[in-house]
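Please look over the model below. My notes follow as numbered points.

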Amino acid sequence: MILLFLKSIIIGVANIIPGVSGGTLAVMLNVYDPITEKIGNFFLVDRKTKLSYFFYLLVVLVGAATGIFLFANIIRYSITNYPKITVTIFTLLILPSIPYIVKGLDYKKKKNILAFCYGAIIMIIFILLGLKYGDKTAGAVTIQLSEGFTTIYLIKLFLCGVVAAGAMIIPGISGSLLLMMLGEYYNVVYLISSLTLSLKEKSFTIFIPLIILALGIGVGLVAFSKAINYLLKNHREFTLFFIEGIITFSIIQIWLSI
């Protein structure tokens, strides 16, 4: 369990760096299959097996949360003081992951080219809508703990958690990258890195968005694990090339956010 905890810390650190996939590292650390199996079948097994699954996933969760918490302050500092350098580093981390996603697959197949184009078109539409209607400060911290949180923002945070969780369990896909595309990455990093200070000041407002985000992640992990496993097993190439198109053009969105 100690080894699993240490591996989970590494996965947690990966999940907070845009372009670095926690799922990929889980594969490399030989824990991807056990994690996805236990998440996907948790409600289908008997009580004894369910208890075993629970403790396994609890170790993974605590380890990943530890990695995220330890690394959040570094990310927050670099974003605040060196935004362009930070985004450049993020970009350099994303670029190598792009060919890795479809490694060994036939990129000349018409079906795969169409899948890539569909993903690219969706991302381009997302970028254009963001330019026309989006918040121009989406690449910076746009929330303040002292101002509280609206119901609409908390709903958005919940949905971001669901989407990011779905990305976390796909090797080659970065959940934090999706948060950046949705304009909430910097806010989430700010919330996590502010947790210690808020506790020292005995201010518990910060727990509201973090709990909502955690609930979204929990729902996303359970809901998407079966769907993603189905798509990757039955439509693997189409799904991966579709994701490839989204990630390739998401680099534009990252640079527009600073």
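1. Which residue forms a salt bridge with Lys 109? The partner is Glu 237, with the closest N and O atoms 3.2 Å apart. A salt bridge here is a side-chain nitrogen of Lys or Arg within 4 Å of a carboxyl oxygen of Asp or Glu. Lys 109 sits in the loop between α5 (83–101) and α6 (110–133) and Glu 237 in helix α12 (residues 236–256), so the pair ties together parts 128 residues apart in sequence.

2. On provenance: this is a predicted model, where local features need pLDDT of at least 70, side-chain atom pairs count only at pLDDT 80 or more, and totals for chains, interfaces and linings use all residues. Residues are numbered from 1 along each chain as its sequence is written, and side-chain values use heavy atoms, with hydrogens and water left out.

3. The whole structure holds two salt bridges. Lys 156 forms one with Glu 184, the closest N and O atoms being 3.1 Å apart. Lys 156 lies in helix α7 and Glu 184 in the loop between α8 and α9, so this pair ties together parts 28 residues apart in sequence. Helices are DSSP runs (H or I, at least four residues), numbered from the N terminus.

4. Glu 184 is buried, at 3% relative accessible area; Lys 156 is partly exposed, at 36%. The cut-offs: buried is under 20%, exposed over 50%, partly exposed in between (1.4 Å probe, protein chains only).

5. Disulfides number zero, the rule being a pair of cysteine sulfur atoms within 2.5 Å. Cys 160 is buried, at 3%. Cys 117 is partly exposed, at 33%.

Methods:
Helices (H or I, at least four residues) and strands (E, at least two) are DSSP runs, numbered from the N terminus.
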